[in-house]
Amino acid sequence: MYPRGRFRNNVAEYLGLEAGLRAYLAAGGRGPLRIIGDSKVVIGHIEKRRDRGLWPDKPHLAARCRAVFALLDQVSGDWTIGWRSQEENSS
């Protein structure tokens, strides 16, 4: 999908979020849904889009953000998103 050596971390974080949302929707997708992630970039993009209507500046990340919102539009009920540090995710 992406050339080797490019778009590593942020795209991987987006793809993980997309996979989680697909699994959630396949299981029924009933909110409220609380999304927690340790990627400040991805969480920030989602919050900026939700709160101010802004897409990421980089086209490849904007495409991933659009894909996430297409999935979030299918969630039955409310959803929220928040950031948690990697250290907090270790348990």
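The following dialogue explains how to read several features of a predicted model.

Visitor: Which conventions apply to this model?

Guide: The model is predicted: local features need pLDDT of at least 70, side-chain atom pairs count only at pLDDT 80 or more, and totals for chains, interfaces and linings use all residues. Residues are numbered from 1 along each chain as its sequence is written, and side-chain values use heavy atoms, with hydrogens and water left out.

Visitor: How many helices and strands are there in the chain?

Guide: Helices (H or I, at least four residues) and strands (E, at least two) are DSSP runs, numbered from the N terminus. This chain has three helices and two strands, arranged along the sequence as α-β-α-α-β.

Visitor: What is the relation between the axes of α1 and α2?

Guide: Axes are lines fitted to C-alpha atoms, for helices over the stretch in contact, and angles between N-to-C directions run from 0 to 180 degrees. Angles under 35 degrees count as roughly parallel, over 145 as roughly antiparallel, 65 to 115 as roughly perpendicular and the rest as oblique. Here the axes of helix α1 (residues 9–26) and α2 come within 9 Å and cross at roughly 60°, so α1 is oblique to α2.

Visitor: Which residues of α1 and α2 meet?

Guide: Contact means heavy atoms within 4.5 Å. From α1, N10, E13, Y14 and L17 meet V41, V42, H45 and I46 in α2.

Visitor: At what angle do α2 and α3 cross?

Guide: Their axes cross at roughly 65° and come within 11 Å, which makes α2 roughly perpendicular to α3. On the α2 side, the contact is made by H45, I46, R49 and R50; on the α3 side, by L61, C65, V68 and F69.

Visitor: Is E18 buried or exposed?

Guide: Buried means under 20% relative accessible area, exposed over 50%, and partly exposed in between (1.4 Å probe, protein chains only). E18, in helix α1, has 2% relative accessibility and therefore counts as buried. Leaving aside neighbours within four places in sequence, E18 is in contact with R64, A67, V68 and L71. For the chain as a whole, buried residues make up 34% of the 91 residues.

Visitor: How many aromatic pairs does a search of the whole structure find?

Guide: Rings of Phe, Tyr and Trp (its six-membered ring) pair if their centres lie within 6.5 Å; planes under 30 degrees apart count as stacked, over 60 as edge-to-face and the rest as tilted. The search of the whole structure finds two such pairs. In one of them, the ring centres of W55 and F69 are 6.0 Å apart and the planes stand at 90°, so the pair is edge-to-face. This pair links distant parts of the chain, 14 residues apart: W55 is in the loop between α2 (40–52) and α3 (59–72), and F69 is in helix α3. W55 is partly exposed at 28% relative accessibility, whereas F69 is buried at 12%.

Visitor: What is the geometry of the F69 and W79 rings?

Guide: Their centres lie 5.9 Å apart with the planes at 70°, so this pair is also edge-to-face. The partners are 10 residues apart, F69 in helix α3 and W79 in strand β2 (residues 79–83). W79 is buried, with a relative accessible area of 18%. Together, W55, F69 and W79 form one aromatic cluster.
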